[in-house]
Amino acid sequence: MLGSTSKIGKYYVYGSTLISAFIVFLIFTILIISSWDAITTVGLDLLKFQWNPATGEFGIIPMLFGTLVVTFIALLIAVPLGIYTAIFTSEILPSKYRFIVKSLLELLAGIPSIIFGLIGIAFFSIWVQNIFDLQSGRTIFTAGILLSIMILPTIITLTDDAFHNIPDKYRETAKGLGLYKFEIIKEILLPIAKPDLKGAILLAFGRALGETMAVMLVIGSIDRIPSPIYNWLSPGQTITSKLGREIAETSFGSVHFSAMIFMGLLLFIIVLILTILSQNSLKSNRRLYE
Amino acid sequence: MKSTHALIVFLICIIFTSCEKKQAINIAGSTSVLPIISIAAEEFRKNNPELNIIVNEGGSGVGVNQLGEGKIDIGMVSRDITQEEISTYPNVTFNPISIGKDAVVPVISSEIYNAGITSLTLEEIAKIYRGEVRNWSELGGPDKEILVIDKEASRGTRHVFMEIVMGDKEAIAEGADLVLGSNNEEQTAIVQSDAAIGMLSNAWLNDNVKGLNIKMLDGSIIESSLKNIIDNKFPITRDLLIVTNGKPAGAVKDFIEYLLSSEGQKIVEEAGYVRIN
C-alpha cells in the first residue's frame with residue numbers, strides 16, 4: 001500500500017514538473033515560429049525607430065526603450081523604499097504588529113492591475129500634469145511611478161522574509177559585542193540577506209517588465225523615443241502596452257502580427273536571461289548562516 | 001469527505017449545464033457603433049429572452065479581423081473596409097449594412113473653445129496634426145501648447161478623419177502627442193487637458209468636449225449639427241456599418257432587421273446619430 005502510494009506520488013511530482021517545463025518550452029517554440037516571418041522578411045529593420053504597419057515599417061526600438069526606462073524608474077523608486085520598509089517591519093517593529101503591517105502591505109499585491117490603471121488615469125496622471133506643468137500627465141514617468149507601487153509588495157515581502165530567516169544568534173552576538181542596532185543591520189544582517197535581496201529585486205523586475213494594463217492606460221501610447229532622450233516626462237510606449245493595444249487589430253499570420261509576436265519573444269528572452277543570471281548569483285553566494 | 005464528493009458532483013453538474021449551448025450572437029468592433037448596438041441588444045432580448053447577445057468593443061479594425069477569423073457573427077465598423085482587409089480574408093464575403101449616419105468631429109478642450117477658437121479650416125487642423133502648428137496662439141487662441149491626440153491606426157474614426165483632413169486614411173500624424181483608443185478614452189483625455197485637440201464621433205460631444213465648426217473654403221462655417229449631417233453639408237461624415245460574413249441568416253438576420261426597423265432606428269437617433277430609414 002505504502003509503496004504504491006509513494007510511487008504514485010513520485011510520478012505525480014515528476015509529471016507536474018514535466019508539464020510545467022513543457023509549457024515553457026511550448027511557449028518559447030510558438031513565439032519563435034510565429035515571429036519567424038518578421039525575422040526573415042523584416043530582419044534587421046526591426047531595430048529601427050519607425051513603426052508604421054501601413055508602409056511595412058516595424059521598428060521596435062521605441063517600445064524596447066520605453067520598457068527598459070519604465071522598469072528602471074520603477075526599480076529606482078521601489079527597491080530602496082521596499083528594503084527600508086522591510087528592515088522596519090522585520091527588525092524594528094515589535095513582532096506582534098509585524099503580522100498586521102505585513103498583511104496590509106501584502107494586500108497591495110492583491111489589487112488587480114486594472115484598478116491601479118484606473119486610479120492612475122483618473123488622479124495620478126492629473127497630479128503629475130499639474131505638479132510638473134505638463135501638457136499631459138500620460139508619461140513614461142507616470143507609468144514608472146505607478147509600476148513602482150505595484151512591485152513594492154513583492155520587494156517588501158521577500159526582503160522581510162529574508163531578514164526574518166536570519167537566526168537570532170547573529171543579532172545576539174553582535175549586540176554582545178556592543179554594536180548599535182544600525183550597525184547590526186548594516187554590517188551583519190544586510191550582507192547575510194544579500195542573495196535573497198537579489199532574488200527579490202529580480203522577481204520585481206520581472207513583474208515590472210510584464211505589467212500591461214496599468215501601464216497601457218497611463219503611458220500615452222505613442223511609438224516615439226522622447227527628445228531629448230532623458231526627457232521621461234513625455235509620452236512613450238512599452239512592449240506590453242503596444243501588444244495590448246494593437247494585437248487584436250492585426251490579422252493572424254500577417255507580418256504585422258509576426259512583428260508583434262517578435263516583441264513578445266524579446267520580452268521572454270530578457271526574462272530568461274534575468275532568471276539565469278539570478279540563478280547563478282544565488283548559487284555563488286551560499287548563505288553565510290548555513 | 002462526503003461533502004467534498006457532493007461538492008465535486010455539484011460543480012461538474014454546473015459545468016455540464018453551462019456547456020449546453022444557448023444560442024448567442026457575438027458582436028465586436030467600433031466604439032462609435034457600440035452605443036446603438038448595446039441598447040438595441042437589450043431591447044431585442046426583451047422579446048427574445050432565449051437569445052444571448054454578446055457585445056464587445058475594440059475598434060473597427062478588431063471588428064473586421066474577428067469577423068474575418070470567424071470569431072464573431074457581426075462586426076461593428078465605422079469606416080469602409082480596406083482593400084487590404086478584403087485580400088487578407090479571401091474566404092470571407094464582407095457584407096456591410098448601414099444602420100445610421102454619423103460625423104467625425106474635430107474636438108477641442110472647452111477652455112480653448114471658450115477662449116475664442118470655435119472654428120478652423122481643414123487645412124489648419126491638418127497643420128496641427130502634421131506638427132506645423134504647435135501653439136494655439138498661432139491660430140488666434142491663448143498662448144498654450146497644443147496637445148494633439150491621435151488614435152490607434154485601425155480605428156474607424158481615425159480613417160475617416162485622416163482621409164478628409166490629411167488626404168490619406170493611414171497618414172502619419174507627426175505632431176501627435178498621445179495615441180489613444182476608444183471614443184471613451186479620447187473623451188477623457190480631452191476633458192483632462194485644457195489645450196487638447198482630438199477627433200470624436202458626433203454623439204460623444206458634451207459641454208467639456210466641444211466640437212469645432214469647420215470653416216469652409218468659401219468662408220461659410222459649418223456646425224456639426226444633425227441637420228448638417230443629414231444634408232451632407234458637414235465635410236467629415238460616414239456611415240455606421242454592421243458587417244456580416246455573407247448574407248445574414250437566422251437570429252442574426254432578425255437582429256439586423258430589428259436595427260433597420262423604425263424601433264431600431266429610433267435607438268440610432270436616441271444614441272445621437274442620424275437615422276437612415
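This is a predicted model: local features need pLDDT of at least 70, side-chain atom pairs count only at pLDDT 80 or more; totals for chains, interfaces and linings use all residues.

Residues are numbered from 1 along each chain as its sequence is written, while chains are lettered from A and ligands numbered from 1 in the order in which they are written.

How confident is the predictor? For the complex, it gives an ipTM of 0.82 and a pTM of 0.86. Chain B has a mean pLDDT of 90, with 96% of its residues at 70 or more. pLDDT is the predictor's confidence in each residue, from 0 to 100.

Now chain B. Its C-alpha atoms fill a box of roughly 75 × 50 × 35 Å along the principal axes. It holds 11 helices and 12 strands. Those are DSSP runs, numbered from the N terminus: helices are H or I with at least four residues, strands are E with at least two. Of the 277 residues in chain B, 44% are buried. Buried means 20 or more other C-beta atoms within 10 Å of the residue's own; exposed means 12 or fewer; partly exposed is in between; the C-beta atoms are placed from the backbone.

Chain B splits into domain 1 (23–100 + 239–270) and domain 2 (103–230). The bounds come from an automatic or database domain assignment. The C-alpha centres of the two domains of chain B lie 27 Å apart. Their contact takes 11 residues from domain 1 and 13 residues from domain 2. Contact means that C-beta atoms, placed from the backbone, lie within 7 Å. On the domain 1 side, count two nonpolar, seven polar and two charged residues. Nonpolar is Ala, Val, Leu, Ile, Met, Phe, Trp, Tyr, Cys and Pro; charged is Asp, Glu, Lys and Arg; the others, Gly among them, are polar.

Zoom in on B:Lys210, in strand β9 (residues 209–211). Why does B:Lys210 count as buried? Because it has 21 C-beta neighbours inside 10 Å. B:Lys210 and B:Ile108 are 102 residues apart in sequence, yet 5.5 Å apart in space, C-alpha to C-alpha.

Next, the two chains together. Chain A gives 18 residues to the contact and chain B gives 24. The chain A side divides into seven nonpolar, seven polar and four charged.

On to helix α7 (residues 181–210) of chain A. A straight helix of 30 residues would span 44 Å at 1.5 Å a residue, but α7 spans only 38 Å between its end C-alpha atoms. The expected span is 1.5 Å times one less than the number of residues. Where is the kink in α7(A)? At A:Lys194, about 55°, shortly before the proline A:Pro195. That bend is the angle between axes fitted to the seven residues ending there and the seven starting there. Buried residues in α7(A) include A:Ala193 and A:Phe205.

Most residues other than glycine have a negative phi, and most peptide bonds are trans. A:Asp133 has a positive phi of about 50°. With 7 C-beta neighbours inside 10 Å, A:Asp133 counts as exposed. A:Ser221 has a positive phi too, about 55°. A:Ser221 counts as buried, because it has 26 such neighbours inside 10 Å. Finally, a cis peptide bond joins A:Ser227 and A:Pro228, with omega about -10°.

Conventions
Two residues are in contact if their C-beta atoms, placed from the backbone, lie within 7 Å.
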